[in-house]
Amino acid sequence: YGLCYFTKELLADAGKSFEGQRVVISGSGNVAIYACEKATQMGAKVVTMSDSNGYIYDPDGISPEKLAWVMELKNNRRGRIAEYVKQFPKAQYFEGQRPWSVPCDCAFPSATQNEINGEDARTLIKNGCTLVAEGANMPTDLEGIETYLAAKILYGPAKAANAGGVATSGLEMSQNSQRLSWTREEVDHKLKSIMANIHANALAHAQEYSSDKSFTNYVTGANIAGFVKVADSMIDQGVV
């Protein structure tokens, strides 16, 4: 969910929304499944999911009903994503491939480290992708990141875009420390606020420190925002 909340802020800063966006997602674990669920709720059409054997492409979109089937497949039966096309014959399965050749507006790499290289990044951009937000840890290699930045597409690096997992762990620790039990809705509301703040901090630092004022470099913004937060905390604690 945090990935989608961060992406919502990315899109809003560019005068856009999730409505009508074609989204490709890699993976079919927790990040991919819940990113698919939330992106769909926010008006996007998610057309791919994958696992280590290949990916499925569903041109009609992975609806909530289809996603429920995927959750049953992955969480209970521990099956392979290839089975999706047997259940939903309009979809296609691509053995041994990743979904980065599928035309899209947004890409959410949510499977593993270094799953997008420079060639993949160039293919995404060539096929119309204008936003990449990372759900996995460091899913794009250095050449891929340089390709995003050179093309000046919206790019949410993992340290900012997928911070929702760590943030929610922090919320869980807060509940435990205070002997509280928040509802799902309360936690979700707090997560939305946290992700909006992360975006705002990355945006502010990007605008202040980037040499190219015509482009918001969220890599610069997230790196500097993270550094300043740690440095300020060290000063407050008297470490430096």
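In this predicted model, a nonpolar patch on the surface is formed by Val230, Met234, Ile235, Val239 and Val240, which together have about 470 Å² of accessible area. One of these residues, Ile235, has its place in helix 10, which covers residues 218-236. In soluble globular proteins, nonpolar side chains tend to be buried together, and the interior is taken up next.

**Nonpolar cores**

- The largest nonpolar core has 42 residues, and those with the most contacts inside it are Ile25, Met49, Ile62, Leu67, Tyr84, Phe108 and Leu131.
- Helix 1 (residues 2-13) supplies the largest share of this core, namely six residues.
- Another core, of 16 residues, lies apart from the largest one and has Val24, Tyr55, Cys104 and Ile145 among its members.
- Once its neighbours within four places in sequence are left aside, Ile62 is in contact with Cys36, Thr40, Ile56, Leu67 and Tyr84, and also with Val46, Val47, Thr48 and Met49.

**Strands 1 and 2**

- Strand 2 (residues 45-51) is largely enclosed by the rest of the structure, because six of its seven residues are buried.
- Strand 1 (residues 22-25) runs parallel to strand 2, and three bridges join the two.
- Within this pairing, Val24 stands opposite Thr48 of strand 2.

**Salt bridges**

- Eight salt bridges are found when the whole structure is searched.
- One of them joins the side chains of Arg22 and Asp105, with an N to O distance of 3.3 Å; because Arg22 lies in strand 1 and Asp105 in the loop between strand 4 (92-95) and strand 5 (106-108), the pair ties together parts that are 83 residues apart in sequence.
- Lys74 and Asp51 are both buried, and together with Arg80 they are linked in a network of salt bridges.
- A further salt bridge is made by the side chains of Asp58 and Lys66, at 2.9 Å from N to O, and here too Asp58 and Lys66 are buried.

Technical notes. Residues are numbered from 1 along each chain as its sequence is written. This is a predicted model: local features need pLDDT of at least 70, side-chain atom pairs count only at pLDDT 80 or more; totals for chains, interfaces and linings use all residues. Side-chain values use heavy atoms; hydrogens and water are left out. Patches are made of residues with over 30% relative accessible area and no salt bridge: like charges are joined within 9 Å, nonpolar side chains (Val, Leu, Ile, Met, Phe, Trp, Tyr) within 5 Å. Accessible areas come from the Shrake-Rupley method with a 1.4 Å probe; for residues, only the protein chains shown count as cover. A salt bridge is a side-chain nitrogen of Lys or Arg within 4 Å of a carboxyl oxygen of Asp or Glu. Helices (H or I, at least four residues) and strands (E, at least two) are DSSP runs, numbered from the N terminus. A nonpolar core is a set of buried Ala, Val, Leu, Ile, Met, Phe, Trp, Tyr and Cys residues joined through side-chain atoms within 4.5 Å. Buried means under 20% relative accessible area, exposed over 50%, partly exposed in between (1.4 Å probe, protein chains only). Contact means heavy atoms within 4.5 Å. Two strands pair if DSSP finds at least two bridges between them.
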